[in-house]
Amino acid sequence: MKLLESSQLNDLSRALCVDRGDVKVLARIESYSCKMVGDEKHKYKKFYSQSGTQPGDLEALGCSPNSDPRYSRSLSVSGDEEVLLCDTISRKSLFYLIATLNATFAPDYDFTDAKSSEFSRERSLQWVMRDVDNNLSAVIVEPTLSASCNNSNQNIMMAHLQSAASTKNYSQLRDKLWEVIDKEIGMSQCDIYSYTPDMRSDPFSEDGCLWSFNYFFYNKKLKRILFFTCRRIISSSYPMDFDGSIGTGSDSMFQSDYYDDESTDNNRRYRERSPLTSSRR
């Protein structure tokens, strides 16, 4: 996956990364071309050879907990018993989603072994937008002057005042956010997928993560995926640099010594598979 540089997406990502003292919000919005780069062609061939499948073969997706009930489907099998029918995804599209996660979180995490059941198809763009809006509007708010003055520590007070001067309410960012995303990817023409954390060994299931959302806007015509990922974390677990990155001097907002795995020869952590939970943080 080739990262498509966008100053507007970078600016929005920084605007959505906020520090509220006890908690922080980390967000990234990145656009990727589905053109394979580096060792992805080798991984692509291995992806099929190990499973004995073809690019057009379908796999079952997980069921999204955020799905609009109007789009839910069920099959009556006997009496009152019903079996929920989930969406499917081609192996090729599944590879693109996994490759996007790898491109975003490398070198700290490897999602190569992620299963199709960890992804869901989101049938309603409105529900996705509402989920994002509801989460972000609760945390991206103007700090109040009175809250700052109640703190006796002068340095903390100044930090609050500086934050108040530079940070907007989410309501002021919302229209621009969706306008830029739509211009980049054409949301109405996209298949939208979400990723559900495995709750054990990915960036969204570490101690200190309160909630997260992860949406892929896949425009097949443009051969492009826009990935919108966000999580709310407890500040004490993750020191944040001024630009929203984790760890002093880090180039990645998701990179931290907290993720180091001393049991391996390097710092890349390979995810252990585990049963999925039915809820998203």
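Student: At what angle do the axes of helix α2 and helix α3 cross, and within what distance do they come?

Tutor: In this predicted model, the axes of α2, residues 40-49, and α3, residues 91-105, cross at roughly 135 degrees and come within 11 Å. Angles over 145 degrees would count as roughly antiparallel and 65 to 115 as roughly perpendicular, and the two helices are therefore oblique to each other.

Student: Is that crossing left-handed or right-handed?

Tutor: The crossing of α2 and α3 is right-handed.

Student: Which residues meet there?

Tutor: From α2 the contact takes in Glu 40, Lys 43, Tyr 44, Phe 47 and Tyr 48, and these meet Arg 91, Lys 92, Leu 94, Phe 95, Ile 98 and Ala 99 of α3.

Student: Are Trp 211 and Phe 213 buried or exposed?

Tutor: Both Trp 211 and Phe 213 are buried.

Student: Which residues do ring pairs link into a cluster?

Tutor: That cluster consists of Phe 105, Phe 111, Phe 119, Tyr 195, Phe 216 and Phe 227, linked by ring pairs.

Student: And where is Ser 194?

Tutor: Ser 194 lies in strand β10, which spans residues 191-195, and it counts as buried because its relative accessibility is 0%. Its C-alpha atom is separated by 6.5 Å from that of Arg 121, although Ser 194 and Arg 121 are 73 residues apart along the chain.

Definitions and conventions. Residues are numbered from 1 along each chain as its sequence is written. This is a predicted model: local features need pLDDT of at least 70, side-chain atom pairs count only at pLDDT 80 or more; totals for chains, interfaces and linings use all residues. Side-chain values use heavy atoms; hydrogens and water are left out. Axes are lines fitted to C-alpha atoms, for helices over the stretch in contact, and angles run from 0 to 180 degrees between N-to-C directions. Helices (H or I, at least four residues) and strands (E, at least two) are DSSP runs, numbered from the N terminus. Angles under 35 degrees count as roughly parallel, over 145 as roughly antiparallel, 65 to 115 as roughly perpendicular and the rest as oblique. A crossing is left-handed if the near helix is turned anticlockwise from the far one by less than a right angle, and right-handed if clockwise. Contact means heavy atoms within 4.5 Å. Buried means under 20% relative accessible area, exposed over 50%, partly exposed in between (1.4 Å probe, protein chains only). Rings of Phe, Tyr and Trp (its six-membered ring) pair if their centres lie within 6.5 Å; planes under 30 degrees apart count as stacked, over 60 as edge-to-face and the rest as tilted.
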